[in-house]
Amino acid sequence: MANFQFRTDPLSGLKIEKSSENLIKWNVIAALATLAVGGLMALLVALTRWPSVHLLGATNYYRFLTLHGIDALLAWIIFFEVALVHFTSTVLLGTRSYVPWLGWLAFALMLIGGGVINVIVLLGGADVMFTSYVPLKADPIYYLGVILFAVGALLGFIIFFINVTLSKRDGGYKRSLPLGSFGMAAGSIIAVLTLAHGAAIFIPTLLWALNIIGYVDPAAYRLVFWGLGHPSQQINVSAMVAVWYMTAAFVVGSKPVNEKLSRTAFVLYILFINVASEHHLLVDPVLSTWHKIVNTSYMMHLAVLASMIHAFAIPASIEVALRRQGFTRGLFEWLKKAPWGNPAFSGIAISILLFGFLGGITGVIFGTEQFNIIRHNTWAITGHFHGTVVAGTTIAFMGFTYLLIPYIFKREIIWKGFATIQPYLYGVGVATLSIGMMSAGQFGVPRRHYDITFSGAPFSFTFDPAIDMFMSMMGVGGVLAAIGGVLYILISFGSIIFGKKIGD
Ligand code: HEM
Ligand SMILES: [Cu+2]
């Protein structure tokens with residue numbers, strides 16, 4: 001039998017094996033690199049939609065917007081999630097990685113696929129936005145890149161099931177998984193279903209781009225694409241909530257107040273999110289009104305219920321843990337004395353708050369049939385999902401990085417002062433950006449639009465002048481968020497390379 005190299009991390013007490021440590025490290029590094037590119041694209045796009053700046057030309061605007069969507073939503077988030085898969089299926093259970101070779105194969109496919117997409121988009125071969133609705137056609141290489149990335153990601157999530165199955169044999173857990181791993185199990189189940197939809201639609205689209213098949217039906221494309229596009233957001237939510245539970249446990253030692261309830265909430269995500277994705281198809285003639293209303297007005301709330309449960313369970317568990325540490329004076333001493341200067345903690349606190357109030361509330365509103373018809377394709381939608389995947393998931397992942405760097409990379413965080421303010425800066429920036437977008441969207445400002453003054457058009461159209469204020473608000477928020485993002489990248493890479501070594 002081979003010898004597996006385990007070490008015990010002095011800070012967290014986690015038992016960490018070498019090959020899973022390396023897999024986590026490289027997936028985090030790839031995530032950081034793609035966020036850096038995606039963030040640069042975000043800044044350029046935001047500066048273009050800020051009316052008084054209007055930076056890029058039309059071609060570059062659409063090109064960079066496509067790349068922003070891909071690198072930020074796909075690459076950054078999924079690389080980080082695969083790192084979380086390795087973390088929660090090995091390190092958190094105190095067992096090893098059973099299939100490191102598969103982990104590296106998945107990583108290589110994602111890296112090659114992601115690289116191919118970046119190159120072909122920048123070369124101008126795929127100005128199709130990340131939704132790439134047919135009959136918009138990109139270079140076949142683009143679809144090939146997406147397929148490689150998706151197959152890699154699929155393998156990455158499958159590793160979760162292999163590791164946890166074999167881990168039980170080695171005593172990694174008794175009856176059920178710890179909550180952080182349970183959350184990633186929910187995320188991984190959704191991921192497998194979702195990525196199967198991706199294959200089902202991108203393979204025919206690749207054949208169509210290669211002129212092997214003549215036609216891909218646009219309505220069928222949209223249906224199957226959103227089987228990928230929306231449920232994958234629930235991978236992000238499950239992973240984010242898993243990070244909330246884990247961070248609260250690591251930083252303040254909290255335990256779930258009612259573990260069964262929290263587990264049930266994760267199961268609700270698995271069961272109901274896909275049927276709730278019908279909001280993307282409300283104007284398509286194929287589905288009946290009955291179908292649309294049942295899914296968007298009833299099923300959706302069962303997935304929302306899950307988030308509501310977590311949103312109460314986690315702050316409650318933090319309160320219980322802090323009270324146990326002696327912060328019992330009055331109603332709120334625990335809240336005042338919480339570790340607000342620790343960026344891992346402030347990261348999840350900001351994430352919970354903004355995800356709920358910005359992303360969640362607007363999601364419930366825009367997800368219902370009647371409101372959706374009014375707000376569809378306006379900038380309000382872009383405001384909504386910057387409240388979920390950015391203010392929610394991205395900030396939670398940023399916070400967790402401040403734990404992974406000492407635990408996994410064995411380095412101290414550099415620039416402690418900047419690290420302390422980073423989640424606040426990014427949070428305020430994204431909240432401002434998102435509220436600006438939502439408000440402009442209420443006045444009908446469209447998303448993905450290069451020139452809303454319609455200059456040179458035969459008929460003139462003007463929006464309510466109030467939108468200038470909201471568009472500028474978006475711009476100011478975007479610049480603040482970009483500064484917060486640059487800080488995060490510099491601190492993370494800086495700590496990984498130059499941080500003081502821990503424990504050697
Ligand atoms: C510095 C932070 C960020 C800024 C300033 C920013 C800004 C923007 C702007 C201005 C748009 C353009 C909307 C339009 O013209 O229709 C956009 C689109 C988008 N952003 Fe961000 N963003 C940021 C971070 C992120 C992150 C971290 C993610 C994913 C986790 C993300 C996901 C998206 C997506 C999916 C789109 C839609 C792309 C499309 O319509 O094809 N953004 N963002
Ligand atoms: Cu959706």
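Predicted model: local features only at pLDDT ≥ 70, side-chain atom pairs only at ≥ 80, totals over all residues.
The chain is built from 15 helices and two strands. Its radius of gyration is 22 Å, close to the 23 Å that the globule rule gives for 504 residues, so the chain is as compact as a globular protein of that length.

**Overall build**

- The C-alpha trace spans about 70 × 55 × 50 Å along its principal axes.
- Of the chain's 504 residues, 51% count as buried.

**Around ligand 1**

- Ligand 1 is surrounded by 26 residues, and the closest are Ala 42, Gly 69, Ala 72, Arg 447 and Gly 478.
- Four helices each supply at least two residues of this shell: H1 (18-49), H2 (58-89), H13 (379-407) and H15 (466-498).
- Sorted by class, the shell has 15 nonpolar, eight polar and three charged residues.

**Helices H2 and H3**

- Two packed helices are described by the angle between their axes and the distance between the axes.
- Helix H2, which also contributes to the shell around ligand 1, packs with helix H3 (residues 100-122) at an angle of about 170°, with the axes 10 Å apart.
- An angle over 145 degrees counts as roughly antiparallel, so H2 is roughly antiparallel to H3.
- On the H2 side, the contact is made by Arg 63, Thr 66, Leu 67, Ile 70, Asp 71, Ala 75, Phe 79, Val 82 and His 86.
- H3 brings Gly 103, Ala 106, Met 110, Gly 114, Ile 117, Asn 118, Val 121 and Leu 122 to the contact.
- By class, the contact of H2 with H3 has ten nonpolar, five polar and two charged residues.

**Helices H7 and H9**

- Helix H7 (residues 231-252) packs with helix H9 (residues 289-324) at an angle of about 5°, and their axes are 10 Å apart.
- An angle under 35 degrees counts as roughly parallel, so H7 is roughly parallel to H9.
- From H7, the residues in contact are Val 237, Val 241, Trp 244, Tyr 245, Ala 248 and Val 252.
- They meet Ser 307, His 310, Ile 314, Ser 317, Ile 318, Ala 321 and Leu 322 in H9.
- The contact of H7 with H9 has ten nonpolar, three polar and no charged residues.

**Backbone details in the loops**

- Most residues other than glycine have a negative phi, and most peptide bonds are trans.
- The peptide bond from Val 134 to Pro 135 is cis, with omega near 5°, and Pro 135 is found in the loop between H3 and helix H4 (140-169).
- Trp 415, in the loop between H13 and H14, has a positive phi of about 50° although it is not a glycine.
- Trp 415 counts as partly exposed because it has 14 C-beta neighbours inside 10 Å.
- Arg 448 has a positive phi too, near 50°, and lies in the loop between H14 and H15.
- With 16 other C-beta atoms within 10 Å, Arg 448 is partly exposed.

**Thr 453**

- Thr 453 lies in the loop between helix H14 (416-442) and H15.
- Thr 453 has 12 C-beta neighbours inside 10 Å, so this residue counts as exposed.
- Thr 453 and Pro 51 are 402 residues apart in sequence, yet their C-alpha atoms are 9.3 Å apart in space.

Note on methods
Residues numbered from 1 in each chain as written. Chains lettered and ligands numbered in written order. Rg over C-alpha atoms; globule rule 2.2 N^0.38 Å. Buried ≥ 20, exposed ≤ 12 C-beta atoms within 10 Å, placed from the backbone. Near = placed C-beta within 6 Å. Nonpolar A, V, L, I, M, F, W, Y, C, P; charged D, E, K, R; others polar. Axes fitted to C-alpha atoms, helices over the stretch in contact; angles between N-to-C directions. Parallel < 35°, antiparallel > 145°, perpendicular 65-115°, else oblique. Contact = placed C-beta atoms within 7 Å.
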